[in-house]
Amino acid sequence: DGIAGQQPAFGYIVVQLIDQYGVPVPSYPVQYSVVQGGGRLFNALPTTDSYGLSFAQTVLGPGAGANVYGVTAGSLSTSFTATARLQPTILPNGVVSAANYSTQPPAPGSYVSVFGAALAETTQSYSTPYLPISLSQVSVSFDTGTGISVPGHIAFISPGQVNVQIPWELQGQASVQMKVSIADASGAVYTMPLATYSPAFFQYQSGGQTYAAALDENNQLVSPANPVTQGHIVQLFMNGLGPVNNQPLSGDPAPSLQLATTTGTPIVTIGALPAEVKFSGLVPGNAGLYQINAVVPGTGNGTRNMTVSIGGVISAVVQLPVQ
């Protein structure tokens, strides 16, 4: 397998000819041909050697898809298939916060959405609390050039988008080089800046408005039809709140007995009023998902602007319906 149109995209076909007793057949003519895909053949050994072996060097064709090569020896024939893939490519400014698609530098431990072309050959999500480092042969690697080389942990793949958790091991790094690969076909390198904090609300759209993906005390979605009550706790789901105590391994779910709490205390503002923070940390049983529990201040009824600030970095504004 290899990347279509990228040179050199070499491979080899190796065959062995044996008789009915399993004995190698030497000096027997072997012919090679290109059957499909527009590839090429070089340096073909026209007869078997003393071990009954023959080989040819292959080059993939210019387009994506199957490359089929035929081999004939007397009345015997077979074929070999190699897959040419388009090179996975990340768009300029194509790595954004998975929470709100902000382009601010992301924080290790949080999620990014990677947008590009030929990033995967299928669409698939992870199905366990432990995020895999490869999903349908798609992987994402992170390299600092200073000795840190770690895999990302993948939550979602599609041809145009990959969602991945940035490894915790990258804390303290100013930037990292990342790339998306499919099997052994590697994409172009993308340089991504990093930050210690990059707070962002997970959110949803409704009626042309952007609302925080928040739950009330009954674990019901907060919406214009179900506003959260003043004086009660709202559960806010966040990305990029930075380092945590009792940090789990990259890709592993957060612990439920000894909670993974943020090392810094966020400042939550609802309707220009501060909201008392009761909890800030990772959601138990989930990998890399932050939660803030805050008491809604007396803002009056209506849809209120809300922000979160941590480590001197403030989030984008979202809306929170309040009653």
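Select Gln137 to begin. Its relative accessibility is 45%, so Gln137 counts as partly exposed (buried means under 20% relative accessible area, exposed over 50%, partly exposed in between, with a 1.4 Å probe and protein chains only). You'll find Gln137 in the loop between S10 and strand S11 (138–143). Strands here are DSSP runs of E, at least two residues, and helices are runs of H or I, at least four residues, both numbered from the N terminus. Check the backbone too: Gln137 has a positive phi of about 75° although it is not a glycine. Most residues other than glycine have a negative phi.

A word on what you're looking at: this is a predicted model, where local features need pLDDT of at least 70 and side-chain atom pairs count only at pLDDT 80 or more, while totals for chains, interfaces and linings use all residues. Residues are numbered from 1 along each chain as its sequence is written, and side-chain values use heavy atoms, with hydrogens and water left out.

**Next stop: S11**

Step forward into S11 and colour its two faces. Val138, Val140 and Phe142 make up the covered face, while Ser139, Ser141 and Asp143 sit on the uncovered one. In a regular strand the side chains alternate between the two faces of the sheet.

Which strands pair with S11? One is strand S15 (residues 175–182), joined to S11 antiparallel by 6 bridges; another is strand S12 (residues 149–151), also antiparallel, with 3 bridges. Two strands count as paired if DSSP finds at least two bridges between them. To see a partner in S15, click Asp143, whose bridge partner there is Gln177. For S12, click Ser141, which is bridged to Pro151. S11 and S12 form a hairpin with 5 residues between them, and Gly145 in the turn has a positive phi of about 80°.

**The five-strand sheet**

Now show S8, S9, S14, S13 and S10 together. They form an open sheet of 5 strands in the order S8-S9-S14-S13-S10, with antiparallel pairing. The edge strands are S8 (89–97) and S10, each pairing on one side only.

S8 and S9 pair in the antiparallel sense over 5 bridges, and Ile90 has Gly116 in S9 as its bridge partner. S9 is mostly covered, with 5 of its 7 residues buried. From S9, 5 bridges lead on to strand S14 (residues 161–165), again antiparallel; select Ser113 and you'll see Asn163 of S14 opposite.

While you're here, look at Ala118, in the loop between S9 (111–117) and S10 (124–125). Ala118 has a positive phi of about 55° although it is not a glycine.

**Back to S8 for Gly94**

Is Gly94 buried or exposed? Gly94, found in strand S8, has 4% relative accessibility and so counts as buried. Leaving out residues up to four places away in sequence, Gly94 touches Ser113, Val114, Phe115 and Tyr190, where a contact means heavy atoms within 4.5 Å. Then draw a distance from Gly94 to Gly74: they are 20 residues apart along the chain, and their C-alpha atoms are separated by 54 Å.

**Over to Tyr12**

Jump to Tyr12 in strand S2 (residues 10–16). Tyr12 is exposed, with a relative accessible area of 58%. Beyond its neighbours within four places in sequence, Tyr12 is in contact with Phe55, Ala56, Gln57 and Thr58. Phe42 is 30 residues from Tyr12 in sequence, and 9.5 Å away C-alpha to C-alpha.

**Zoom out**

Finally, show the whole protein chain. It has 0 helices and 28 strands. Its radius of gyration is 27 Å, well over the 20 Å that the globule rule gives for 323 residues, so the chain is more spread out than a compact globule (the radius is taken over C-alpha atoms, and the rule is 2.2 Å times the number of residues to the power 0.38). Along the principal axes, the C-alpha atoms fill a box of roughly 90 × 40 × 35 Å. Buried residues make up 46% of the 323 residues. Among contacts between residues at least 6 apart in sequence, 59% join residues at least 24 apart.
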